[in-house]
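Here's a quick briefing to read alongside the model. Have the viewer open and click along as you go.

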Amino acid sequence: MNDINLSKEYYDVKDIMAKTGYKKSKCYDIIRRLNERFNKEFPSSIIMRGKIPIWYFKKIMRCEELDEYGKKRELNHQVKVPLA
C-alpha cells in the first residue's frame with residue numbers, strides 16, 4: 001500500500017504562522033475561517049481540522065501571480081489576511 005504524504009498538499013498552523021507572522025491562536029482562527037469558507041464553496045469536500053489546502057490558501061490570500069509567460073509565481077511577501 002502506498003503512503004500518501006498530505007503535508008505537501010495542506011498547510012498547518014506552523015505554515016500559516018510563517019506566512020502571516022501571526023501567533024498560533026490567530027493562525028488557528030484563520031484556518032478555521034478559511035475552512036468554513038472552503039466548506040461553503042465545496043460542500044461535498046471533507047474538511048481536515050487544523051489544516052487548509054495549500055492551493056485554497058494561495059487562492060484566497062492571493063499569494064500567487066502569473067508571470068509574463070502565464071506561469072504561476074509565488075509572491076515573496078508576508079500575507080495580508082482578508083477575512084472580513
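Predicted model: local features only at pLDDT ≥ 70, side-chain atom pairs only at ≥ 80, totals over all residues.

Residues are numbered from 1 along each chain as its sequence is written, and side-chain values use heavy atoms, with hydrogens and water left out.

**Salt bridges**

- Searching the whole structure turns up four salt bridges (a side-chain nitrogen of Lys or Arg within 4 Å of a carboxyl oxygen of Asp or Glu).
- Asp29 pairs with Arg32, with 2.5 Å between the closest N and O atoms. These two are three residues apart in helix α2 (residues 24–41), so about one helical turn separates them. Helices here are DSSP runs of H or I with at least four residues, strands are runs of E with at least two, and both are numbered from the N terminus.
- Arg32 also meets Glu36 in a salt bridge, at 2.8 Å from N to O. Both sit in helix α2, four residues apart, or about one turn of the helix.
- How much of these side chains can solvent reach? Asp29 counts as partly exposed at 22% relative accessibility, as do Arg32 at 41% and Glu36 at 42%. For the cut-offs, buried is under 20% relative accessible area, exposed is over 50%, and partly exposed is in between (1.4 Å probe, protein chains only).
- Glu41 and Lys59 form a salt bridge too, at 3.1 Å from N to O. This one links distant parts of the chain, with Glu41 in helix α2 and Lys59 in helix α3 (residues 54–61), 18 residues apart. Glu41 is partly exposed at 36%, and so is Lys59 at 43%.
- Shared partners tie Asp29, Arg32, Arg33 and Glu36 into one salt-bridge network.

**Helix α3**

- Most of α3 is covered, with six of its eight residues buried. Those are Ile54, Tyr56, Phe57, Lys58, Ile60 and Met61.
- Just past α3, Arg62 has a positive phi of about 55°.

**Thr20**

- Thr20 belongs to helix α1 (residues 13–20) and is buried, at 6% relative accessible area.
- A polar atom of the Thr20 side chain lies 2.8 Å from the backbone oxygen of Ile16. The Thr20 side chain also reaches the backbone nitrogen of Tyr22, at 3.2 Å.

**Aromatic rings**

- There are seven aromatic pairs. Rings of Phe, Tyr and Trp (its six-membered ring) pair if their centres lie within 6.5 Å; planes under 30 degrees apart are stacked, over 60 edge-to-face, and the rest tilted.
- Tyr11 and Phe57 have ring centres 5.3 Å apart and planes at 80°, so they are edge-to-face. The pair joins distant parts of the chain: Tyr11 is in strand β1 (residues 10–11) and Phe57 in helix α3, 46 residues apart. Tyr11 is buried at 10% relative accessibility, and Phe57 is buried at 0%.
- Phe38 and Tyr56 are edge-to-face as well, with centres 4.9 Å apart and planes at 80°. Phe38 in helix α2 and Tyr56 in helix α3 are 18 residues apart, and both are buried.
- Phe38, Phe42, Trp55 and Tyr56 make up one aromatic cluster.

Conventions:
Polar contact = N/O pair within 3.5 Å; in protein donor to acceptor, adjacent residues only side chain to side chain.
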